[in-house]
Amino acid sequence: MPSPKIATEFLEAHPEVATIDVLLPDLSGVVRGKRIGRDQLEGTFKEGAAFPASVFGTDVTGDSVDSSGLVWELGDADYPCWPVAGSLVQVPWTARPSAQVMLTMAEPDGTPFYADPRVVLQRVAQRYADKGWRPVVALELEFYLIDKTREAHLPPSPAISPVTGSRQSTTQVYGLDELDDFEAVLDDVANACQLQGIPAMAASAEYAPGQFEINLTHVDDPVQAADHAVMLKRVVKGVARAHGMNATFMAKPFGDETGNGLHMHVSVLDKDGNNIFASEEDPEHGSPLLRHAVGGLCQTMNDCMALFAPTANAYRRIRPNAYVPLSACWGYNNRTCAFRVPASSPDGVRIEHRVAGADANPYLAGAAILAAILHGIETEAEAPPPVDGNAYESQEPSVPKTWAESLELFEKSDFIAEWLGEGFQRVFHAVKESERRDFESEVTPLEWAWYLKTV
């Protein structure tokens, strides 16, 4: 755990900081936490911060799920949470000077807590480290800027441009005018990322009005890469609020527009720093290990869909011709596939995983992807033939069509139990199954409009 000296030096360097948010992302990727005074920061580094384990037994609304086994069975006891190294940073979008630090939970005996998503990813990363390998990971996140105010039961609206005073209404992918419209917001996002050490690359306009994507630079620590993604989402939301608008990473906020994705680029370095996916014999297509990795991803994709699409809304994103894969297929430089091998230099061969929505927890999506890759390599899984052309036309859809089906596959998966842990498997399924049942018990306005008088 980080030295308390880090807190002391930070406070000395930033006497203006009055409060610090201590952050603990839950199973849904929602950042829970507390706000402490500067006089409490050094104690947090020395003694930890106390949070109940039931934080990881809450659904996306914040309600505790009794069947998670993390509430009454534990007496809703507090567990120690420790600061994450390198995560104590300033927060530039608040009205008064403040800071934040991320936490990770431990058991009372000091061992990592099995249901903490960060710990789940750490365990998978350790299996690479045991082989002397290092995954190199880069994440891409899509989001919408939307109006801050919205009437209940009405859809959101794209944010009004501070420059033109009007809403964007057309799709201009990679459009520069769209970036100019929200230049002040995106510049503040970039500045906040630089201040917080988040390796964000340039933003781009995406396939819908008010939609943008920010890519994170690759790092050779997958846990740190997920930390960066969680921090980036907080930056985007905080800066948007400061500019009088909101940002959403909801998978499908608009029925007739493209959804928000979380794409992950992965390569693997051996103990000598060589990319194991590269091949001198076949530099264009990569090594046999690349194809085994793809085979593992294909074999396990449906078992992991509950992690890649963890909400009811996520399944509205999964539809043909929307750059969202419908089957476990792969191809070279082919964005219609679930797993794309982008055009690159021979040493830069990597896999782009294109399945997850932006509502996925980056730690859990990353853990599933990296586990599938290593599983495929260790079992010498066979990849199907790569797809040329439109995968939507040539491949039969095979992904689970519903949240219920995904959760059932997840609950019964031997792969999930072995690689991510039986305890985590049980807790995640309990939380999301409870959330699903609550969602499906709600009668919607559309049902009233269709059925109240007609049946």
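This is a predicted model: local features need pLDDT of at least 70, side-chain atom pairs count only at pLDDT 80 or more; totals for chains, interfaces and linings use all residues.

D76 sits in the loop between β3 (49–52) and β4 (78–83). Its phi is near 50°, a positive value in a residue other than glycine.

Next I went looking for N333, which has a positive phi near 50° and is not a glycine either. I found N333 in the loop between β12 (330–332) and β13 (339–341). N333 comes out as partly exposed, with a relative accessible area of 45%.

**Helix α6**

I then turned to α6, which runs over residues 222–242 and counts 21 residues. From first C-alpha to last, α6 reaches 30 Å, close to the 30 Å expected at 1.5 Å a residue. Is α6 mostly covered or mostly open? Mostly covered: I note 16 of its 21 residues as buried.

Just after α6 comes G244, and its phi is positive, about 80°.

**Salt bridges**

How many salt bridges does a search of the whole structure find? I got 16.

One of them brings me back to α6. R118 pairs with D227, and their closest N and O atoms are 2.8 Å apart. R118 belongs to helix α3 (residues 117–129) and D227 to helix α6, so I logged this as a link between distant parts of the chain, 109 residues apart. R118 and D227 are both buried.

Then I checked R340, whose side chain meets that of E352 in a salt bridge at 2.6 Å, N to O. R340 is in strand β13 and E352 in strand β14 (residues 351–353), so this pair ties together parts 12 residues apart in sequence. I have both R340 and E352 down as buried.

R354 is buried, and so is E352.

Last entry: I followed salt bridges that share partners, and they join E433, R436, R437 and E440 into one network.

Definitions and conventions: Residues are numbered from 1 along each chain as its sequence is written. Side-chain values use heavy atoms; hydrogens and water are left out. Helices (H or I, at least four residues) and strands (E, at least two) are DSSP runs, numbered from the N terminus. The expected span of a helix is 1.5 Å times one less than its number of residues. Buried means under 20% relative accessible area, exposed over 50%, partly exposed in between (1.4 Å probe, protein chains only). A salt bridge is a side-chain nitrogen of Lys or Arg within 4 Å of a carboxyl oxygen of Asp or Glu.
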